[in-house]
Amino acid sequence: MAEQENCVRLTRTAKKRAAEMPIVEEQPVLKKRVVLGELPNLSNIVVPINKSAGDLPRKQKIKPKPKAKKAIILKEDEAPKEYIDGMSDDPQMCGPYASDIYEYLHKLEVDPKRRPLPDYIEKVQKDVSPNMRGILVDWLVEVAEEYKLVSDTLYLTITYIDRFLSLNVLNRQKLQLLGVSSMLIASKYEEINPPNVEDFCYITDNTYTKEEVVKTESDILNSLKFELGSPTIKTFLRRFTRVAQEDCKILSLQLEFLGYYLAELSLLDYNCVKFLPSLVAATVIFLARFIITPKMHPWTLTLQQYSGYKPSDLKECVLIIHDLYLSRRGGGLQAVREKYKQHKFKRVASMPSPPEVPVSFFEDLKE
């Protein structure tokens with residue numbers, strides 16, 4: 001009994017002492033952050049809740065995200081090279097590496113493995129004519145529009161067709177099959193959500209079965225030895241368009257769309273197969289500038305420097321594409337022309353052009 005009383009007394013004393021002691025809140029155990037050198041421009045800085053942004057050290061202040069610009073503007077004090085290479089506004093142009101990238105692309109475009117034969121219809125094909133090729137390309141432009149494919153897919157498709165026909169004899173009945181199978185491959189290479197095989201069968205009114213499309217796809221891949229990445233006209237046109245507007249404060253959509261139109265017109269003509277993509281891209285800029293301002297010389301020393309072509313180098317290609325623009329060649333092929341008569345492309349296909357390019361414009365520029 002005495003032992004029980006002692007236990008009760010001790011318990012009461014312990015409670016009394018506990019009540020008299022100051023209350024100390026338990027502090028959470030803070031994990032120590034491990035520093036990995038110095039990482040500039042950190043975007044994941046932890047901001048304490050009980051501190052305002054003004055109490056933070058300078059290095060920890062988070063800069064607000066800049067608003068999207070409606071137009072790319074070139075300030076007067078910016079160097080043209082930075083603007084041209086895309087360092088100032090467009091990170092996708094990879095400004096710091098642009099020179100090395102385009103030097104590599106120029107080497108890649110002359111690689112025989114990635115080039116079609118300039119005269120494959122005369123030397124290889126027996127049942128396919130330049131006119132048939134033009135009709136196929138014009139139809140593929142409509143297919144690309146129908147499925148809202150990016151233009152890079154269209155350019156790669158035509159590249160695969162020309163390369164395949166340079167190596168394999170094809171019956172004309174299989175030409176459309178070659179076209180859709182090439183576009184299927186190009187779509188897988190370029191598109192985020194490419195059309196499926198059934199879509200390409202449907203667009204041919206089920207003329208070909210799914211098995212035939214897949215078999216032709218396999219034949220193309222094996223013929224090209226899976227060398228699918230090739231620079232196209234569009235690859236070089238992106239850069240040359242910027243160079244062409246080095247002295248402009250706001251990029252001209254009219255020049256850009258006119259360039260795209262002329263480039264797609266060049267795809268229709270078999271005679272343009274022999275030209276390198278970079279030369280066609282340079283030609284397109286030359287001709288677009290001429291159409292917009294016929295009285296000004298369309299070429300500059302800066303364009304010559306960045307493209308690597310003099311006006312005299314472009315003459316033959318300029319005359320072919322100018323004839324295409326005026327419908328003196330390929331007048332029956334309307335898909336590209338109708339496409340660029342749309343308002344979203346500023347109706348550049350309806351722009352007037354002088355009937356002839358002055359011979360003096362093909363003379364080499366003096367520095």
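Which residues of helix 10 are buried? The legends below take up this point and others in a predicted model.

**View 1. Helix 10, residues 233-244.** The buried residues are Ile233, Lys234, Thr235, Phe236, Leu237, Arg239, Phe240, Thr241, Arg242, Val243 and Ala244. With eleven of its twelve residues buried, helix 10 is largely enclosed by the rest of the structure. Its length fits too: at 1.5 Å a residue, the twelve residues should span 16 Å, and the end C-alpha atoms are 16 Å apart.

**View 2. Thr283 in helix 12.** Helix 12 covers residues 277-292. Thr283 has 0% relative accessibility and so counts as buried. Beyond its neighbours within four places in sequence, Thr283 is in contact with Leu314, Cys317, Val318 and Ile321.

**View 3. Salt bridge between Lys174 and Glu212.** The closest N and O atoms are 3.5 Å apart. Lys174 sits in the loop between helix 6 and helix 7, and Glu212 in helix 9, so the pair ties together parts 38 residues apart in sequence. Lys174 is partly exposed at 35% relative accessibility. Glu212 is partly exposed at 28%.

**View 4. Salt bridge between Glu198 and Lys210.** The N to O distance is 3.1 Å. Glu198 belongs to helix 8 and Lys210 to helix 9, so this pair links parts twelve residues apart in sequence. Glu198 is partly exposed at 41%, and Lys210 is partly exposed at 40%.

**View 5. A salt-bridge network.** Shared partners join Asp111, Lys113, Arg114 and Glu227. Asp111 is buried at 18% relative accessibility; Arg114 is buried at 15%. The whole structure holds 18 salt bridges.

Conventions: Residues are numbered from 1 along each chain as its sequence is written. This is a predicted model: local features need pLDDT of at least 70, side-chain atom pairs count only at pLDDT 80 or more; totals for chains, interfaces and linings use all residues. Side-chain values use heavy atoms; hydrogens and water are left out. Helices (H or I, at least four residues) and strands (E, at least two) are DSSP runs, numbered from the N terminus. The expected span of a helix is 1.5 Å times one less than its number of residues. Buried means under 20% relative accessible area, exposed over 50%, partly exposed in between (1.4 Å probe, protein chains only). Contact means heavy atoms within 4.5 Å. A salt bridge is a side-chain nitrogen of Lys or Arg within 4 Å of a carboxyl oxygen of Asp or Glu.
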